Amino acid sequence: MTLSRDSAMNIANVLTEALPYIQRFTGRTIVIKYGGHAMVDNTLKQEFARDIVLMKLVGLNPVLVHGGGPQIGKLLKELNIQSSFVDGMRVTDSKTMDVVQMVLGGLVNQDIVNLINTAGGKAVGLTGKDANLIIAKKMLIERPSPELTTPEIIDIGHVGEVVRINQSLLNLLTQSDIIPVIAPIGAGEDGTTYNINADLVAGKIASELKAEKLMLLTDVEGVKDKSGHLLSSLTLSDVERLIQDGTISGGMLPKIRCAVEAVEQGVTSAQIIDGRVAHAVLLELLTDEGVGTMISSSSLMETNQS
């Protein structure tokens, strides 16, 4: 089919707009936390896979970390295993941990790998247990208790936090034509397996690799002010102010804190973007407008959202 002149000009404009960003980010690492609606809608899944392949082909180095909460919850329900949460973390006993490994390390991870490979990429699926990629330790949650002089310590089972990342392994992969796809499962020094929040893993990997960007896909547009308007860019001091006055609260807090920590540890910028938008990753990276909310260390904003 022959394109009309207007359609051809639109395509040319898109490509020329993307060019300076491709040049700027060539050879740079982009860590993407993949989750939410983008990971369950079939059309969005296929579009996301093609976008990741395109990123690699034009010289960027994407590293994917994925979640899988809804898929884990579905299988636990089918197996009649009760599930509960403390401060947003799934309480993970031994039976639940078996399901987490099956879903994250097997079903979800391999589905993403297959989608990327089908789109023409070369993806390799990993869990944090492969080649000691993620060394973890047990996460203990502290809660203030009016009856006690010290906080109550809550043990939520096989839930972990990252101790260290095998940076050399990730460097080896990103410097080749491989796209790493990482399930957020780690192992302790004693071999104990831990379920780790995918945002935390993505943030830690981005920090260790001194990534250009950390991108957190979610099911909201980004950070909004009290009037409901999207805040397109924030500095670290802006974020602190918005947390203090209650503008940022609830489920957005863990993502914001993950983004802030990554920027404080050397990541150039972090983005919270709406994974329900088709091609959201490319729109954020390669267009003048961008999407979502960008968090950076100072008011010296980049020329656009990217």
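Colleague: Hi! Which strand is the place of T218 in?
Modeller: Hello! T218 sits in strand β11, which covers residues 213–218. One thing to keep in mind is that this is a predicted model.

Colleague: Thanks. Does T218 count as buried or exposed?
Modeller: T218 counts as buried, because its relative accessibility is 12% and the cut-off for buried is under 20%.

Colleague: And what is T218 in contact with, leaving aside its neighbours within four places in sequence?
Modeller: With those neighbours set aside, T218 touches K255, along with I272, I273, D274, G275 and R276.

Colleague: Let's move on to the cores. How many residues are in the largest nonpolar core, and which touch the most other members?
Modeller: The largest nonpolar core has 44 residues, and the ones that touch the most other members are I205, L214 and I256. Helix α8, residues 252–264, gives this core its largest share, with eight residues.

Colleague: What does I205 contact, again leaving aside neighbours within four places in sequence?
Modeller: I205 meets V31, V63 and V65, and also I165, L170 and I182, once those sequence neighbours are left out.

Colleague: How many residues are in the other core?
Modeller: That other core lies apart from the largest one and has 42 residues, including Y21, L60, L217 and I273.

Colleague: Now helices. How do you describe two packed ones?
Modeller: You give the angle between their axes and the distance between the axes.

Colleague: OK, what angle do α3 and α4 pack at?
Modeller: Helix α3 (residues 69–78) packs with helix α4 (residues 94–118) at about 130 degrees, and their axes are 10 Å apart. The two are therefore oblique to each other, and their crossing is right-handed.

Colleague: Which residues in α3 and α4 meet?
Modeller: From α3 there are Q71, I72, L75 and L76, while α4 brings T96, V99, V100, M102, V103, L104 and V108. By class, this contact has nine nonpolar residues, two polar ones and no charged ones.

Colleague: What about α2 and α4: what angle do they pack at, and how far apart are their axes?
Modeller: Helix α2, residues 42–57, packs with α4 at about 60 degrees, with axes 8 Å apart. That makes α2 and α4 oblique to each other, and α2 passes α4 in a right-handed crossing.

Colleague: Last one: which residues in α2 and α4 meet?
Modeller: K45, Q46, A49, I52 and V53 of α2 meet D111, L115 and I116 of α4. Sorted by class, the contact of α2 with α4 has five nonpolar residues, one polar and two charged.

Key. Residues are numbered from 1 along each chain as its sequence is written. This is a predicted model: local features need pLDDT of at least 70, side-chain atom pairs count only at pLDDT 80 or more; totals for chains, interfaces and linings use all residues. Side-chain values use heavy atoms; hydrogens and water are left out. Axes are lines fitted to C-alpha atoms, for helices over the stretch in contact, and angles run from 0 to 180 degrees between N-to-C directions. Helices (H or I, at least four residues) and strands (E, at least two) are DSSP runs, numbered from the N terminus. Angles under 35 degrees count as roughly parallel, over 145 as roughly antiparallel, 65 to 115 as roughly perpendicular and the rest as oblique. A crossing is left-handed if the near helix is turned anticlockwise from the far one by less than a right angle, and right-handed if clockwise. Contact means heavy atoms within 4.5 Å. Ala, Val, Leu, Ile, Met, Phe, Trp, Tyr, Cys and Pro count as nonpolar, Asp, Glu, Lys and Arg as charged, and the others, Gly among them, as polar. A nonpolar core is a set of buried Ala, Val, Leu, Ile, Met, Phe, Trp, Tyr and Cys residues joined through side-chain atoms within 4.5 Å. Buried means under 20% relative accessible area, exposed over 50%, partly exposed in between (1.4 Å probe, protein chains only).
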